[in-house]
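Subject: Handing over a structure

Dear colleague,

I am passing the structure below on to you, together with some notes on what was found in it.

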Protein chains: 2
Amino acid sequence: MSTTLQNDQFRLAARPVGLPRPDGWQRTSEPVRAIVDGEVVVKTLYLSLDPAMRGWMNEGKSYIRPVAIGEVMRAGGVGVVVASKSPRFAVGDHVAGGLGVQTYWTGAADDKSANLTKIGARMAPLTTWLNTLGMPGMTAYFGLLEVGQPKAGETVVVSGAAGAVGQTVGQVAKHLGCRVVGIAGGQDKCDFVVKELGFDACIDYKNGDVREGLKQHCPNGVDVYFDNVGGDILDTVLMRINMKARIVICGAISQYNNTSAVKGPANYLSLLVNRARMEGIVVFDYAARYQEGVAALAKWMQEGTFKSREDVVEGFDKFHDALLMLFEGKNFGKLVLKVAEA
Amino acid sequence: MSTTLQNDQFRLAARPVGLPRPDGWQRTSEPVRAIVDGEVVVKTLYLSLDPAMRGWMNEGKSYIRPVAIGEVMRAGGVGVVVASKSPRFAVGDHVAGGLGVQTYWTGAADDKSANLTKIGARMAPLTTWLNTLGMPGMTAYFGLLEVGQPKAGETVVVSGAAGAVGQTVGQVAKHLGCRVVGIAGGQDKCDFVVKELGFDACIDYKNGDVREGLKQHCPNGVDVYFDNVGGDILDTVLMRINMKARIVICGAISQYNNTSAVKGPANYLSLLVNRARMEGIVVFDYAARYQEGVAALAKWMQEGTFKSREDVVEGFDKFHDALLMLFEGKNFGKLVLKVAEA
């Protein structure tokens, strides 16, 4: 391989207070080093931008260690192998894994934290492997099935409905025979999930009253709530849950950039009144079953009964601005940064 | 029967804002009416005073309908049958059920809301039937076993540890082979649950730091938290839970008299980080299995490995003052109002 390849990087320079700031990143560039036996070089094609990234920038115990100051920012991505001294991957293979916010990833083919896996570029577009067939899809699939446990005929509500996780939650629930009501910001997102994805209804929280919307669209109450947002919306849904309801705590994007304390769900005693359950989900727990999830979702996609929508921002340099789109609700579908041509 | 019996009552006169006030009750007195076939008259001996009573005084949907304005205040109690035209109960039988805050209960022997059941006065003292062998005991037993699902060797934390529910939760958990740490207000209560009831440790939240106490006494983290109090203590425990922890939401006495909104658990995202579960329990769901619970607890009591502590206040007129003791944490053990001599 040529050693003239240059690896550009975004490193975490400072832990943000509130929204990430442009000066919280350190831009670096270094030559891609020569590889030894067992190693590969992956050229980054697309990076996944996820709300969870905000949490990784904080100090303190979480479900994964924080990104260290000075470390390349953690991110999932898909890329193409451009050099290989490993039997696991050949040059030209497409892979998904924890590539980080950099233009080249170099390391052992079996590196645990990168967890590279070969992906079928013919099976689905590359960006789909960061969405429905990637972490967000797996989060949605296993979170809904294993924690939400919806039954046919039940009402499933999902917030962040047009986002990466929400779009899959809703479509899986429809496939299971549930009534599905989304909550999203803006009429265009609501139109999308109802008209394109087949949700039964969608509540536009930016231009309508969520409480009234739930009354109207969930006449039989809420059996499963898949929460990606937290805050007031979680509290509002808590007032409409049914007996033995299941609330899947997947994220709380409304709270990630708080500079004061997280707003806890003031209506949590509805769990008592309704003998209901609130439970967290982290996708890594289902790693051994990803193939099962990918197979189910890919089958529906091939049958044409399941859609995957990505919002692609072009240009590695746009990383910071693109990340902020998540917290402003500006992305429409799974947010992806295009780093290089496939 | 003599019709000169006089039934004294506390009726709800106004819905309280914050703590119940003396003028929120209407005192009434009426002659005990003659009974018809199928009816009984029960003389109230002891009334159960419970945190849940505060919730019943509020308007609005809950797990049970609110007490109406002008209605006799709802309360569980034990009494003795003093007149009977029902084959179910004979004069002299001791019964437990929803007698209400009145000196005599009159109605059909099979009245659904009173749900009278014969109790064995020889099996355990009458007051125990309002504690370990009554609703608090059943709440603790089924809430811990069915929702908390503790396994031997796990750490169980219970707040309101010296209270009616807490004392049973902790002792059942000890019988299951768990490490048990109580949280209670005051050194005397802490001494009681450790020295008398056999808890492994107790944190005095009034004179110590709960966070430090949990660090010290739960070196392996918290697997099950049985919450009777809500508020800051719930938040503090949330920061110490283990992976796959179970939080039983049984009550939130710290929040019942709030005049502003309930304080939601700001640290609820610990459920996500730890893939943990928070679930409500209402004892009535286990009504069909009360005999199972009574049998288990009574057996341990007879073996001398289980204690039941009641705090008895004497005098029907003391009802209001005694009720307030609950919210001031002044009761020591299950709070019971003695209405008449057995």
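Predicted model: local features only at pLDDT ≥ 70, side-chain atom pairs only at ≥ 80, totals over all residues.

As background, two copies of a chain are related by a rotation about an axis and a shift along it.

Residues are numbered from 1 along each chain as its sequence is written, and chains are lettered from A and ligands numbered from 1 in the order in which they are written.

The contact between the chains takes 25 residues from chain A and 25 residues from chain B, where two residues are in contact if their C-beta atoms, placed from the backbone, lie within 7 Å. On the side of chain A that touches chain B, helix H7 (270–273) and strand S13 (277–280) each supply at least two residues, and S13(A) gives the most, with four residues. Helices (H or I, at least four residues) and strands (E, at least two) are DSSP runs, numbered from the N terminus. By class, this side of chain A divides into 16 nonpolar, four polar and five charged residues, with Ala, Val, Leu, Ile, Met, Phe, Trp, Tyr, Cys and Pro counted as nonpolar, Asp, Glu, Lys and Arg as charged, and the others, Gly among them, as polar.

Within chain A there are two domains to look at, namely domain 1 (6–131 + 309–338) and domain 2 (135–284), whose bounds come from an automatic or database domain assignment. Taken over C-alpha atoms, the centres of domain 1 and domain 2 of chain A are separated by 28 Å, and 17 residues of domain 1 are in contact with 14 residues of domain 2. Helix H1 (residues 52–56) of chain A gives the most to the side of domain 1 that touches domain 2, with three residues, and that side as a whole divides into seven nonpolar, seven polar and three charged residues.

Two helix pairs in chain A may also interest you. The axes of helix H2 (residues 135–148) and helix H8 (residues 290–303) of chain A come within 10 Å and cross at roughly 95°, so H2(A) is roughly perpendicular to H8(A). Axes here are lines fitted to C-alpha atoms, for helices over the stretch in contact, and angles run from 0 to 180 degrees between N-to-C directions; those under 35 degrees count as roughly parallel, over 145 as roughly antiparallel, 65 to 115 as roughly perpendicular and the rest as oblique. H2(A) brings A:Gly137, A:Met138, A:Tyr141 and A:Phe142 to this contact, and H8(A) brings A:Tyr290, A:Gly293, A:Ala296 and A:Leu297, which by class makes six nonpolar, two polar and no charged residues.

In the other pair, the axes of helix H5 (residues 210–217) and helix H6 (residues 231–238) of chain A come within 9 Å and cross at roughly 40°, so H5(A) is oblique to H6(A). A:Val210, A:Arg211 and A:Leu214 of H5(A) meet A:Ile233, A:Thr236 and A:Val237 of H6(A), and the residues of this contact are four nonpolar, one polar and one charged.

With best wishes
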